[in-house]
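Student: Hi! Could you walk me through this one?
Tutor: Happy to, let's have a look together.

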Amino acid sequence: MKTYKNIYKKVCSLENLKLAYEKARRGKSHKDYVISFEENLEKELNKLKEELENFTYEPHELKRFVVRDPKTRTIHASAFRDRVVYHALVNVIEPIFEKIFIYDSYASRKNKGTHNAVLRFDKFIRKVSFNGKLVNSAVDNNMVIGYILKADIKKYFENVNHEILLHIIKKKIKDENIIWLINKILNNYEMKKQGIGMPLGNLTSQFFANVYLNELDYFVKHELKAKYYIRYVDDFVILSKYKEILKDYMDKINNYLRNNLGLELHPDKSKIMPLKHRITFLGYRIFYHYKLLRKSNKRKFYKSLDWKIELYQEGLISYEELFAILKGWTGYSVWANTYKIRKNLFNKVEDIKK
């Protein structure tokens with residue numbers, strides 16, 4: 001296995017910090033904290049460079065807030081200068097791990113995302129159901145044969161073990177300075193138990209989540225030999241023609257998580273279902289021949305769009321920013337049967353400009 005040494009200097013380079021700053025400001029250029037940072041950009045970046053090189057860097061305290069979308073989650077926001085550092089770190093170490101991630105891990109990766117995960121799901125369901133073979137006594141042409149294990153890891157981010165995570169990282173990275181910085185980031189969080197847990201909302205948490213569960217991916221793909229497996233952060237599915245195979249997978253996965261990663265499947269959200277039923281996955285209600293958006297997803301976006309319209313009318317964001325928000329959501333919703341919804345929303349936003 002190839003390992004990497006002496007890469008910390010790449011993290012600290014001014015060129016990398018400038019790139020990290022550009023990434024951190026995307027979509028947030030109108031924010032006060034970004035504007036303030038930009039007023040003394042060269043000074044701020046050089047200060048970060050000096051702190052990283054001298055090992056005096058200390059991340060600021062995270063800001064904590066609660067969101068409901070629809071489930072309640074606690075999000076932790078970092079100071080902008082810390083986000084620059086997180087991007088600088090990920091810029092350097094992400095390509096190292098990207099080479100060993102499995103194909104069917106879709107969260108927080110280039111050219112992946114929910115759209116490609118759902119397209120992959122479509123391909124797998126066709127394979128498992130022999131291109132849509134129906135169950136006996138089917139009442140419509142969506143009631144295809146086959147089964148799915150739909151699983152969720154219980155309180156995943158709260159239970160990531162730092163020691164295990166660092167052990168995984170050290171298998172590839174032999175630079176103690178990189179490990180020092182990772183430790184700084186991991187420990188900048190009020191944990192219920194020392195050395196356990198990562199904050200939701202950090203770029204590094206998203207990246208480390210993939211590194212940690214890449215161990216599970218390898219177990220599922222190489223030990224269990226499961227062909228039809230898709231993971232998106234801590235949610236994953238496995239499809240099979242046979243229910244008994246999925247029961248065996250579920251037991252073995254739970255044992256693996258407990259014994260190797262200090263995790264466990266959510267007992268209520270992890271279940272095996274026949275594919276003839278509607279499958280909810282990544283915000284879609286998936287049937288064999290069509291997809292619908294979850295009602296909660298639509299309500300959430302309507303509420304968010306109304307708020308952005310108010311900001312536009314008050315002159316706080318531009319029409320281009322408002323339109324980009326709508327375009328981004330329609331890029332997600334276009335994969336479901338949403339033609340009328342998208343048309344009405346575009347007309348609503350265009351009417352505002354008149």
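Student: Let's begin with a single pair. In E5, which residue is the bridge partner of alanine 151?
Tutor: The partner of alanine 151 is phenylalanine 236 in E5. Keep in mind that this is a predicted model.

Student: And how many bridges join strand E3 to strand E5?
Tutor: There are 6 bridges between E3, residues 147–152, and E5, residues 235–240, and the two strands run antiparallel.

Student: Which helices pack on the sheet there?
Tutor: Helix H6 (residues 113–128) packs on the sheet and touches E3, E4 and E5. The direction of H6 makes about 160° with that of E4. Helix H10 (residues 243–261) also packs on the sheet, touching E3, E5 and E6, and its direction makes about 145° with that of E5.

Student: Nice. What is the strand order in the sheet?
Tutor: The order is E4-E5-E3-E6, an open sheet of 4 strands with antiparallel pairing. At the edges are E4 (229–232) and E6 (271–274), each pairing on one side only. On average, neighbouring strands are turned by 20° against each other, direction ignored.

Student: Switching topic: at what angle do H2 and H5 pack?
Tutor: Helix H2 (residues 14–25) and helix H5 (residues 80–98) pack at about 115°, with their axes 8 Å apart.

Student: Is that crossing left-handed or right-handed?
Tutor: The crossing of H2 and H5 is right-handed.

Student: Which residues meet there?
Tutor: From H2 they include Leu17, Ala20 and Tyr21, and from H5 they include Phe80, Val84 and His87. By class, this contact of H2 with H5 has 9 nonpolar, 3 polar and 3 charged residues.

How values were computed:
Residues are numbered from 1 along each chain as its sequence is written. This is a predicted model: local features need pLDDT of at least 70, side-chain atom pairs count only at pLDDT 80 or more; totals for chains, interfaces and linings use all residues. Side-chain values use heavy atoms; hydrogens and water are left out. Two strands pair if DSSP finds at least two bridges between them. Axes are lines fitted to C-alpha atoms, for helices over the stretch in contact, and angles run from 0 to 180 degrees between N-to-C directions. Contact means heavy atoms within 4.5 Å. A crossing is left-handed if the near helix is turned anticlockwise from the far one by less than a right angle, and right-handed if clockwise. Ala, Val, Leu, Ile, Met, Phe, Trp, Tyr, Cys and Pro count as nonpolar, Asp, Glu, Lys and Arg as charged, and the others, Gly among them, as polar.
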